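Confidence is taken up before the fold and the contacts between chains.

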Amino acid sequence: MTTVSVTKPSALTWVRRNLFRTPLDAILTIVFGSLAVYVGIRGLLFVFVNGRWEIISVNLKLLMVGRWPADELIAIAVALVILGLWAGLIAGIIAGRQVRKGTSAIEGMTRLERASDLGRRFGLVIATLLLLLSLTDTSGPWLMVLFTFVGGVVGRLIGGQIGVRSLPSWVSRLGIVVMVVIPVWAYLYMASAVPLADWEGFLFNLSSAAAGVVLSFPLGLLLALGRRSKLKLLKGMSIAYIEAVRGAPLYVLLLLANVSLEFFVPAALAPSKVVRAIVTFTLFTAAYIAEIVRGGLQSVPLGQEEAAKALGLSPTKQMRLIVLPQALRNVIPAQIGQFISLFKDTTLAGLALGILDLLNAAGAITQQSDFRGQGLIIETLVFVGFLFWVGSFTMSRESQRLERKLGVGTR
Amino acid sequence: MKLRKLLVVLTALTLVLAACTSDDGDTTTTAAAADAADAGGEEMTSLLDEVIARGELKCGTRDALTGFAVLTEEGDHVGFDSDFCRVIAAAVLGDAEAVDHVDLETADRFTALQSGQVDVLSRNTTWTASRDGSEGATFLTVTYYDGQGMMVTADSGYAGIADMDGVIVCVAKGTTTEGNAAAEADRLGLDWEVRPFDDNDLIQEAFGAGQCDGWSADSSALTGIRADQPDGPDSVVILPDVFSKEPLAPLVLDGDTAWAQAVNWAILATITAEEWGITSANVDTFLDSDDSNIRKFLGASFEDSDGNETTLDAGLGLPTDFAYQVIKQVGNYGEIFDRHLAPLGLERGVNALWTDGGLLYSPPYR
């Protein structure tokens, strides 16, 4: 065996080759390099020295959950702990199944490697949580996050044990139903404590984005299949829906949802603004998901379907077992992209429907008598942007991980 | 085979849908009938009865206007406009806190009123003819007489807006301010570039950076802004010119006189109380006042012409002690003003009582 030894170029060589190859390169490097350093220093100074973050810490509850009654906060805590347990269970079961199948990526890792893998995946979220917690002066949020974390760890351990065992099919089916019901239950439990209409702050952005994602995916899938259907009526209706909804800006749809409904339905019966926002998000995103899924369906070679037919599978099974899994795998990046954009678009609902979401709250608090007239809108907007970036970036990283796992683009 | 399955599913779906819609249908018909009765004016069910039955007032307001309505850390609405929401709730329901403050954007405030999302708007709204006429709104007693002014830096040397030619005037977007500034420039034959911004804080940044020669807004707002200047209030000057009339008034929907009267008298009560010097602190001492007009006003008993003890029910559909509740729980006009607007450095000016040379005047309560 011969090894080809490649000497790594020294740092200086690298700099000369990449940054100062020609005089023009040198000028560009100096100009934009100093610009970048200047912007970087100004940014760091703003965040750590000049930024007046008191407005955030004083108003943290308003920004996070709006006017959620203080004595009902326990409902959020309970729901979060249950969701932590739930997420841990799912992660554990998936990991356990991979161990059983021998496809586990983490089984061969040392503890340290596993910890650093987890740190890379969730370090940002954990750091953000710690940052937010450091701004509070009560113990409630600390306990809530601690118990959620404990719930996640416990769920992961139990899930790992369940995952490696082979269970009778009725048990695993029941398990799937339970896993689907738990988040729905958590949602309804919180809604029973405080009506959906009063969900505000970042809680509104997160929960309505989650509801929109969960509801729009099946609808989008049906629309995509409808558009490929051989039934003329179904196909026509799907096309009409997709094109009509995709043709209107989301903001316009939200404004319509805000102002037009009460002229058709009496005000007392009209659903709350939060429900309207979720319905609009769902209908809007479904049209995009439909087109993304259709793209995925087209990317599956016709031979796959023909082979499935040759095996004697029914049309439903052809779709469910052969075509859809490949189609959906191929469009993971686009789907996650759509969901990230939905997450950020929830701020439009705040504006169009007058919901006190994170962005609106960030604007409103700058007018408080302690803070007005000091240009604090910059601090609050940076804070809002940071929270949305953490959410979007984590989603994007997780989707890349899923892609690698499923081998998108490599097989 | 497949087709039959599909048909069965479709039929089932249709049945379910039909059941749902017929349910909805019933309720909407009754509600529509109620609406029709409203519109007809005969056997009208007033919003007044509805609010009393509901036990809560839905008051259209906002969450970020210094002095008028601001959201506190605890999520409460605090301000001049918010207090008038409380005045109405105290009068109609006897509880100043029975208010659902509905935050509305400037653009959809009238729609919210028309669609019944809110019972009343107390949202810094200028009373204009076209709003009165075309938005289906009835404006009530003016709570604040405002006017648009101009603020410049102290070293700019402008003595009045007539000096300002070829300048950039920064304003907040989406209000009458923008149009007023352009109209005033036209009228005076001046060349102004009116530059709209989304937010006062953004104007502050631009103004501080010297991107605006003038900052135009309602005088009340400018006074607050001036007090908050980073270089101190003396670094800027509010020019003496006031070039628009901005009477800010609460409003209700057209065609519901009973409700409009109830809201109106709740507001007038704050003015009447100030005329008599009744405040939230001393209102109890007035209950046995020698002046029978004051006793009538507060719902205390008085002797009628036949010598019987009685209380005055003016027939407004309000409890006889509504004025007492308003003053006890919220305060008179002067107290509300002093609580929210005086700290900004606003003078009473034209918003003083008529006896002090201002414009506030309440019809007599008797």
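**Confidence, chains and cores**

Two residues are in contact if their C-beta atoms, placed from the backbone, lie within 7 Å. Chain B has a mean pLDDT of 85, with 88% of its residues at 70 or more. For the complex, the predictor gives an ipTM of 0.71 and a pTM of 0.81.

This is a predicted model, in which local features need pLDDT of at least 70 and side-chain atom pairs count only at pLDDT 80 or more, while totals for chains, interfaces and linings use all residues. Residues are numbered from 1 along each chain as its sequence is written, and chains are lettered from A and ligands numbered from 1 in the order in which they are written.

Chain A contains 17 helices and zero strands; helices (H or I, at least four residues) and strands (E, at least two) are DSSP runs numbered from the N terminus. Its C-alpha atoms fill a box of roughly 80 × 70 × 50 Å along the principal axes. Of the 411 residues in chain A, 28% are buried, that is, have 20 or more other C-beta atoms within 10 Å of their own; exposed residues have 12 or fewer, and partly exposed ones lie in between. Among the contacts in chain A with a separation of 6 or more, 80% join residues 24 or more positions apart.

One example is Leu219(A), placed in helix H9 (residues 201–227) of chain A. Leu219(A) is partly exposed because 17 other C-beta atoms lie within 10 Å. Beyond its neighbours within four places in sequence, Leu219(A) is in contact with Thr282(A) and Ala286(A). The C-alpha atoms of Leu219(A) and Ala290(A) are separated by 7.9 Å, although the two are 71 residues apart along the chain.

The largest nonpolar core has 131 residues, of which Ile88(B), Ala91(B), Val92(B), Val263(B), Ala266(B) and Val326(B) touch the most other members. Such a core is a set of buried Ala, Val, Leu, Ile, Met, Phe, Trp, Tyr and Cys residues joined through C-beta atoms within 7 Å.

Finally, where the chains meet, 28 residues of chain B are in contact with 28 residues of chain A. Helix H1 (2–40), strand E2 (64–65), strand E3 (69–71) and helix H7 (200–208) of chain B each supply at least two residues of this side.

Methods:
pLDDT is the predictor's confidence in each residue, from 0 to 100.
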